[in-house]
Amino acid sequence: MPALTNIAGFPILSLITWLPLVGALVIATMLRGDEETVATNARWAALWTSLLVLVLSLVLWVSFDQSDPGFQFNESVIWMPEFKVGYKMGVDGISVLFVLLSTLLTPICILSAWDAIKVKVREFMMSFLILETMMVGMFCATDFVLFYMFFEGVLIPMYLIIGIWGGPRRVYAAVKFFLYTLAGSVLMLLALIAMWVQAGTTDIATLMQTAFSPHMQTWLFLAFFASFAVKVPMWPVHTWLPDAHVEAPTAGSVILAGVLLKMGAYGFLRFSVPMLPDASTYFAPFIFAISVVAVIYTSLVALAQEDMKKLIAYSSVAHMGVVTIGIFTFNVQGISGALFQMLSHGIVASSLFLVVGVVYDRIHTREIARYGGLGDRMPGYALVFMLFMMASVGLPGTAGFIGEFLVIIGSLQVNFWLALLGGMGMILGAAYMLYLYRRIIFGRITHADLRGILDLSTREWVVFAPLIALTLWMGIYPSSFTSYFDATVGAMVQHHTAALAATTKLAGIVH
Amino acid sequence: MLYALAVFAPLAGALVSGLLGRIIGDKNAMGASILGMVVAAICGPLAFWQLTQGAEPGVLDLGNWIESGRFHVNWALRYDTLSAVMVAMVTFVSMLIHVYSIGYMGHDARPKYRFFAYLSLFSFAMLMLVTADNLVQLFFGWEGVGLCSYLLIGYWYDRPSACAAAIKAFIVNRIADLPFAVGLALIYFKFGSLEFSTIFPAVAAHGSDTYALFGTTFSSIEVIAFLLFIGAMGKSAQLGFHVWLPDAMEGPTPVSALIHAATMVTAGVFLMARMSPLMEYAPYALGFVTFIGASTALFAATIGCAQNDIKRVIAYSTCSQLGYMFAAAGVGAYEASVFHLITHAFFKALLFLSAGSVIHAMSDEQDMRKMGGLWKIIPVTCLVMWIGNLALAGIPPLAGSYSKDAIISATYASGTAIGYYAFVCTLLAAFLTAFYSWRLLFMTFHGKSRADHHALEHAHESPWVMLTPLLVLSVGAIGAGWALNEWFIGADFQHFWNGSIYNGRGSDIIEAIDKVPDWVEQAPLVLAVAGILIAFVMYIVNPLLPVRMAQVFGPIYRLFLNKWYFDEFYDRVLVQPLIRLSRILWQVGDATLIDGVPNGLAELTSDGSKQIVKIQTGSLAVYAFAMLIGVVVLVAIFMLSR
């Protein structure tokens, strides 16, 4: 079997994954000229690299076969034969859209950091491209070891982005972020080894077909949970997120909210649910409980925030609570809703961080009380903000509604109260977002420095335009996106039901 | 085609004026928005007319919307009598409000394109709601009107009170929308679809389905009906959820007219009629609908009697009239309820817009205590306001008398205990309605002037661009009842509705309206006239009487004046505790408890290492000794474990 071929005729996934790294290496060699020249060159090189990657991923988007529930564009190279570990790449309906989300948000981040990052521009751009390689690689990996490497690899550039270009408490935030997420990862590594011992392979597709004993599943689930719950983040291990967001530069927040927060939920979908069906079912009520707490608790906390970024960070935790509820309903609407919510949150929350970034770049504070009355001076900004606020609140016709609604539909099939309490975000979300909007956009201008504030620049409009288009597109015609994962989710639910039935049958034989 | 144009022309107008407003200028933006609305107001009623002339009802498919496994909903426009009636009314009234706004907003300093874009968008959302072919699209319109009401109530966003009212409207609506959304999920769970064409035929088969809740089982249809009605209570400002509606008048007056008459608040009533095939299988839920409706009708009317702000009186009157509509829906007389919805749209739009004309004339004064005797200065406004109030009070042959009397008769005819309760409430409310309406008229237009000189000097009749819509609406307020009675609740009403509204008990309830005893038929009119006379005595003959009565009945007066203290109650019981809780969760929950663990661990680590450092004495002997102990322990463990 030729190792690196697939229906695209060339190893497209590897190309998408490693091209940013190549770009980063090229930027690394850019040393000539004064600091300003280097910075400009680095910016343009990073932008063009990421745009090229985006175009390549659009090829993926177009040629993906939506009716195939399995992995596509598979690439496989024997890597560590003695351990049966391979360099295996592939995307299915669940991961393909996240590859696109990553490749879309990267150029947007680079563009948004254009003027905002003033020191070590070259290193910043390199970090971002390396981050892109890690993110895309993580979504493409179909071998557990490879996945693990990318999964951990993401941490490093993100750690640097927060730690070097962050706010005043950046080191505290970066270390907290690193330790929290690393602590879980160690346990995942143990789980990985245990699975390898049992199954003799680290190929994800094979692992999905391997039946682990219910007892072993329980321990594996807990190990995975430790890692993924921190990444989601789920209550009560969410407190690293507000700190990380507050200290991260805008672009860092965007990618953190947009892609990195999806890693945990993606992990649940890729490993916990398909590989550990019994344990997942066993722990589902527990997940529901802490997810509902997350939705209500963090929404309330968001209401009390005085820092714009913190508020949106807390809202992210609440939104991800809806995602974890959806995943563990184990029905098509719930999981599809969770996936859609992940994608829409990836667009909407990132946009909201960009929205915050716009005024932060001008006034250099995130304190809500320092704003007010911007509607007069910045009508365009007010409009963009309004759109993303409504999407965040889940207004029908925007991206935010579809996921939330599907999760409510899915969770009602499990339990009435789960649907009602999980949906509380609909109310509380409206409360904290409208309150935020009021304090920033409405009212009269009272702070003198706001009188001269300028509306969105052309570059900012360029940044927002694709996000606005996507937010509406996802809300008005979501089928363009759900059709990508419909087959995979359907197969996943079937697989789950069959696996549970098999366990029950087995238990019957034993007794 | 006409029908689709009626729905989407306002959207086009909204987009052009909203997005291009700054480029093409205020005048053109206004023009675009009004053009869209005029097109809609021609197409909407025409589409309705075609239906009455025998055009086939149907569904206009616009494309797929959400798909997930078996879950499937389309964007589609439903063309049947109920939808078409609503489209005709919404487009027509909204168009008049658009035209009126040209004059009313003429002096506003802000760019006006934004206002007109919101108005058109509001109309579009309402049109999507009433033409929905499935509950999700209905929810789209449902939330859309919520958004637009937020935008319009908060239009003057530099006023704190307007911002607060806007947020309040949105959030109170959202609180009711959550049960509504859960209700949709339950419908999907039980019926496997959210499309009307699948749900309605299947209701009978699901009649005995049960759903476990609160540790016991209920009929699932009942649970669904309850959840949907809670949604309707929010949108239609029924008792408990009514608090947003009076505050909604913080928006410019045309907005109040649009919210209270044509769009938004009628959505809940429409939902009841639209879901009648399901509601009819939920007798307990319907009883609850009647109870809430009738209670709201009376409750809001009592508040209306004690308010001094001209718009506030009318706002509570809306609340009260919506109660009538729900009372009718609850006893199964959906036709009467939609009838009242339509006639109410005319006279309530008329009342609000003429109140706007008064406010416009009085340099933005809204307090009726500072008016009086205005009829000489603004005679046309006075005339149309009289017409509006005559219609509202149900004085024959104006519009209100047909629809309101039909509702009161229907509650009596239903023959149930809850029906009689509704009958008593609505009768009393009819009396109070007449009283507060004439209180408003007398305080504003008649008697001695209490206005200050400056306001009076500038007082002037509104321009024709405002008066013309008022006159058109007056025609509706006078004639709508007479013109529509035969269609809506006449002998051949089932032919007219053509199956778009379902009556579980056959056509009994509508036919019974005409068969109630004479005294039931006469009572509303007698009480209304009594209300007018009492108002006349209190505010014209002896203007000191109200003051004395307020003193004598102090507690009751204060209760009514302070709106039964609902706002205060919610503030203390819900809002403040939640805000306190959110601070506690943040500062204690997150910052102290949750972060305490990792921060504590970090301190433990650094403290621990400081202690361990002390072991490093640098003495080789100590190290060697420690090593020896270690070896011994290891060997011991090894030996033991073997």
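Here are my notes on the salt bridges.

**Ground rules.** I am working with a predicted model, where local features need pLDDT of at least 70, side-chain atom pairs count only at pLDDT 80 or more, and totals for chains, interfaces and linings use all residues. Residues are numbered from 1 along each chain as its sequence is written, chains are lettered from A and ligands numbered from 1 in the order in which they are written, and side-chain values use heavy atoms, with hydrogens and water left out.

**Total.** I found 22 salt bridges over all chains (a side-chain nitrogen of Lys or Arg within 4 Å of a carboxyl oxygen of Asp or Glu).

**Between chains.** I looked up Asp158(B) and found it in a salt bridge with Arg444(A), at 4.0 Å from N to O. This pair crosses from the loop between helices H5 and H6 of chain B to the loop between helices H20 and H21 of chain A (helices are DSSP runs of H or I, at least four residues, numbered from the N terminus). Asp158(B) is buried at 17% relative accessible area, while Arg444(A) is exposed at 57% (buried is under 20%, exposed over 50%, partly exposed in between, with a 1.4 Å probe and protein chains only).

**Within chain B.** Next I checked Asp567(B), which meets Lys168(B) at 2.8 Å, N to O. Asp567(B) sits in helix H26 and Lys168(B) in helix H6, 399 residues apart. Asp567(B) is partly exposed, at 24%.

**One more pair.** Asp177(B) and Lys235(B) form a salt bridge with their closest N and O atoms 4.0 Å apart. Asp177(B) is in helix H6 and Lys235(B) in helix H8, so the pair ties together parts 58 residues apart in sequence. Both residues, Asp177(B) and Lys235(B), are buried.

How values were computed:
Helix = DSSP H or I, 4+ residues; strand = E, 2+ residues; numbered from the N terminus.
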